[in-house]
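Thank you all for coming.

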Amino acid sequence: MRIDIITVLPELVEPFMKESIVGRAQKKGLAEVHIHNLRDYSTNRWRRVDDYPFGGSAGMVMQCEPIDLCISKLKSERDYDEIIFTAPDGEPFTQPIANELSLKGNIIILCGHYKGIDQRIRDHIITREISIGDYVLTGGELAAAVMADAIVRIIPGVIGDEQSALNDSFQDNLLGAPVYTRPAEYKGWKVPEVLLSGHEAKIRDWELQQSIERTKRLRPDLLKNK
Ligand code: ADE
């Protein structure tokens with residue numbers, strides 16, 4: 001799949017996309033991430049991409065033109081399945097949305113900044129608005145990085161053991177079971193006996209019970225969605 005990220009801070013996004021699991025996926029040829037500097041599409045001599053809001057409220061608003069020019073250029077080169085805007089007032093980003101987006105061919109993520117973007121871009125160009133949580137970030141770059149990571153890591157072949165992505169917390173609306181590694185005893189703290197038993201069916205059953213118990217205790221709201 002291909003992800004195009006549009007940002008005023010490419011230098012913030014680039015290292016993450018190179019170094020993380022997203023970088024590994026790109027090296028394996030399983031994903032492509034392209035970062036575009038919105039200022040390259042400014043027609044202003046100072047490369048400005050924002051202006052004062054009509055109506056006189058505080059803060060700056062990202063203008064229509066650079067965003068439209070950038071997205072129009074990308075759309076002239078290929079079709080996009082989704083044009084996403086990162087916004088605190090978007091739909092909450094969840095595992096099912098990550099799963100859904102990981103099946104797409106090409107997506108654009110536009111990172112918001114300042115007070116927001118001109119509403120006309122949201123009305124006419126953006127197909128989906130996504131928030132990564134109920135708090136306000138300075139810009140959408142961290143949200144784009146979070147989304148790219150969650151989307152790319154579940155593309156088959158990206159993480160070594162494909163099974164492990166399926167067992168993640170939130171797949172199935174359940175938190176993951178606790179995990180242990182060697183040694184079997186550390187400072188007298190023991191790994192649950194069942195995990196050392198070699199009895200596959202009992203282990204899977206224990207994991208499921210642990211997942212259900214953890215979800216009931218920590219995130220009962222998830223069980224309501226089941
Ligand atoms: N931009 C600012 N805050 C954000 C949030 N919570 N999610 C996505 N984009 C944002």
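This is a predicted model: local features need pLDDT of at least 70, side-chain atom pairs count only at pLDDT 80 or more; totals for chains, interfaces and linings use all residues.

**The ligand and its surroundings**

Residues are numbered from 1 along each chain as its sequence is written, and side-chain values use heavy atoms, with hydrogens and water left out.

Returning to the ligand, a polar backbone atom of Gly133 is 3.0 Å from a ligand nitrogen atom, and a backbone N or O atom of Leu137 lies 2.9 Å from a nitrogen atom of the ligand. How much of the ligand does the protein bury? Taken alone, the ligand exposes 260 Å², and 96% of that is buried by the protein; these areas come from the Shrake-Rupley method with a 1.4 Å probe, and for residues only the protein chains shown count as cover.

The residues around the ligand, meaning those with a heavy atom within 4 Å of it, include Thr86, Ala87, Pro88, Ser131, Tyr135 and Ala143. By class, this shell has eight nonpolar, four polar and no charged residues, where Ala, Val, Leu, Ile, Met, Phe, Trp, Tyr, Cys and Pro count as nonpolar, Asp, Glu, Lys and Arg as charged, and the others, Gly among them, as polar. Strand E5 (82-92) and strand E8 (128-131) each supply at least two residues of the shell, and E5 gives the most, with three. Helices (H or I, at least four residues) and strands (E, at least two) are DSSP runs, numbered from the N terminus.

**The chain as a whole**

The chain has ten helices and ten strands, and along its principal axes the C-alpha trace spans about 70 × 40 × 35 Å. Of its 226 residues, 43% are buried, which here means under 20% relative accessible area, with exposed meaning over 50% and partly exposed in between (1.4 Å probe, protein chains only).

**Some loop residues**

In the loop between strand E2 (32-37) and strand E3 (50-51) we find Ser42, which counts as buried because its relative accessibility is 14%. The Ser42 side chain reaches the backbone nitrogen of Asn44 at 3.0 Å, and a polar atom of that side chain lies 2.7 Å from the backbone oxygen of Arg48. Arg47, in the loop between E2 and E3, has a positive phi of about 60 degrees although it is not a glycine, and at 36% relative accessibility Arg47 counts as partly exposed.

Leu175 belongs to the loop between helix H7 (162-166) and strand E9 (185-186), and its 11% relative accessibility makes it buried. Pro183 is placed in the loop between H7 and E9, and a cis peptide bond, with omega about 5 degrees, joins Arg182 and Pro183.

Lastly, Lys187 in the loop between E9 and strand E10 (189-190) is a residue other than glycine with a positive phi, near 50 degrees, and at 65% relative accessibility Lys187 counts as exposed.

Definitions and conventions. A polar contact is a pair of N or O atoms within 3.5 Å; within protein, one must be able to donate a hydrogen and the other to accept it, and residues adjacent in sequence count only if both atoms are side-chain atoms.
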